[in-house]
Amino acid sequence: MNNEIKIHDIWRDDLDNREVVVSIKCIVYNHERYIRDTLEGFVMQKTNFRFEAIVHDDASTDGTAAIIREYAEKYPSIIKPIFEDENQYSKKDGTLTRIVNAHLRGRYIAFCEGDDFWTDPLKLQRQVDFLERNKEYSMCFHFVKEKIEDGQVVSEIFSHLKGKDYTAREIYEKWTVPTCSIVGRGEVIRSFKYGKGLLVGDLVAVLNLSAHGKMKCIDEYMAIYRRTSVSWMSTNRTSLAFAERNLVFRERLIDLYPQYEAFIKPSFIKANVQVVIKAFAEMKYKRACKTLLLGLSRFKWRYVKYLCGYPVLCLFYKYKSKR
């Protein structure tokens with residue numbers, strides 16, 4: 001484990017009076033098995049600027065909080081913990097994000113959740129140097145490797161990444177940004193007001209950043225994305241409840257980013273049809289009809305065209321057969 005004094009030796013003596021250049025946003029819940037790797041990735045960073053990690057434990061029920069306290073005591077100027085008595089994420093109204101964002105004071109904000117971790121001690125320095133040199137960019141991200149829960153390291157989900165600029169359309173149509181690789185401009189991230197219905201917070205953050213500047217992917221592997229049984233990529237997406245949340249999320253994105261409606265709209269229509277099918281399959285006919293009318297009223301003939309071209313009966317029987 002690195003010694004905090006050695007890390008501070010890289011910074012100037014007037015450390016405590018200097019601007020926090022990077023705030024790391026770290027959301028944690030029941031990550032006892034992984035959080036040491038995450039925190040080690042933070043404290044090993046070698047920079048010529050001050051940084052801090054806002055580590056929010058969302059009322060974990062395992063030993064996560066004790067490990068965070070251990071690191072906060074050893075690295076008090078780096079690890080800044082927030083401990084909750086009540087789980088905030090479960091409220092699903094943006095409370096969690098608002099609480100954490102209120103503590104992010106850095107010129108730049110880096111993201112890393114409690115089951116992912118950084119592998120390059122110069123990660124923050126490289127990304128900040130890039131953004132300092134290129135003011136037209138609102139964020140940058142980089143290559144990662146994926147680690148399956150059994151310990152195998154692979155490159156699957158993000159294997160399509162290239163070292164280049166990405167547009168909002170590219171990122172939305174094929175999720176491209178590993179959350180643990182993001183460094184974005186703080187004023188942009190703090191300016192966004194989170195509320196209900198925002199199912200995938202990192203996608204919202206990236207779309208918001210894309211509306212304020214260019215986005216660069218750096219072609220270097222500097223982190224590990226860990227796929228666990230509780231990660232977003234492992235979420236059960238077949239339920240009606242998830243389909244309904246996804247529909248609300250797509251609708252909210254169109255309301256938030258009307259300039260992106262052209263490429264968000266198809267996913268909204270698809271999400272709407274999925275709710276209709278699943279609701280009919282569960283014999284919740286009132287809910288299905290209400291959702292169907294929503295799609296018709298909002299997108300009219302485009303919705304009808306999509307619905308007619310969708311293999312509704314095949315999906316219906318396929319869904320029924322799984323139940």
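Predicted model: local features only at pLDDT ≥ 70, side-chain atom pairs only at ≥ 80, totals over all residues.

Select Arg 169 to begin, a residue of helix α6 (residues 168–173); helices here are DSSP runs of H or I with at least four residues, strands are runs of E with at least two, and both are numbered from the N terminus. Arg 169 is partly exposed at a relative accessible area of 39%, on a scale where buried means under 20%, exposed over 50% and partly exposed in between, with a 1.4 Å probe and protein chains only.

Residues are numbered from 1 along each chain as its sequence is written, and side-chain values use heavy atoms, with hydrogens and water left out.

Next, show helix α9 (residues 240–256) together with α10, whose axes come within 9 Å and cross at roughly 155°; the axes are lines fitted to C-alpha atoms, for helices over the stretch in contact, and angles run from 0 to 180 degrees between N-to-C directions. The two helices, α9 and α10, are therefore roughly antiparallel, the word used for angles over 145 degrees.

Follow the chain into the loop between α10 (261–281) and α11 (285–309), and select Met 283 there. Met 283 is not a glycine, yet its phi is positive, at about 60°. Most residues other than glycine have a negative phi. Met 283 is exposed, with 57% relative accessible area.

For a second case, go to Ala 59, in the loop between β2 (50–57) and α3 (64–74). The phi of Ala 59 is also positive, near 60°, but this residue counts as buried, at 16% relative accessibility.

Finally, select Arg 18, Glu 19, Val 21, Asn 48, Phe 49, Arg 107, Gln 125, Val 128, Asp 129 and Glu 132, which line the second largest pocket. A pocket is an open set of points on a 1 Å grid over the protein atoms alone, with protein on both sides within 12 Å along at least five of seven lines, and lining residues have an atom within 4 Å of a point. Helix α5 (residues 123–133) gives the largest share of this lining, four residues.

Conventions
1 Å grid on protein atoms, 1.4 Å probe; cavity = no way out; pocket = protein on both sides within 12 Å on 5 of 7 lines; lining within 4 Å. Parallel < 35°, antiparallel > 145°, perpendicular 65-115°, else oblique.
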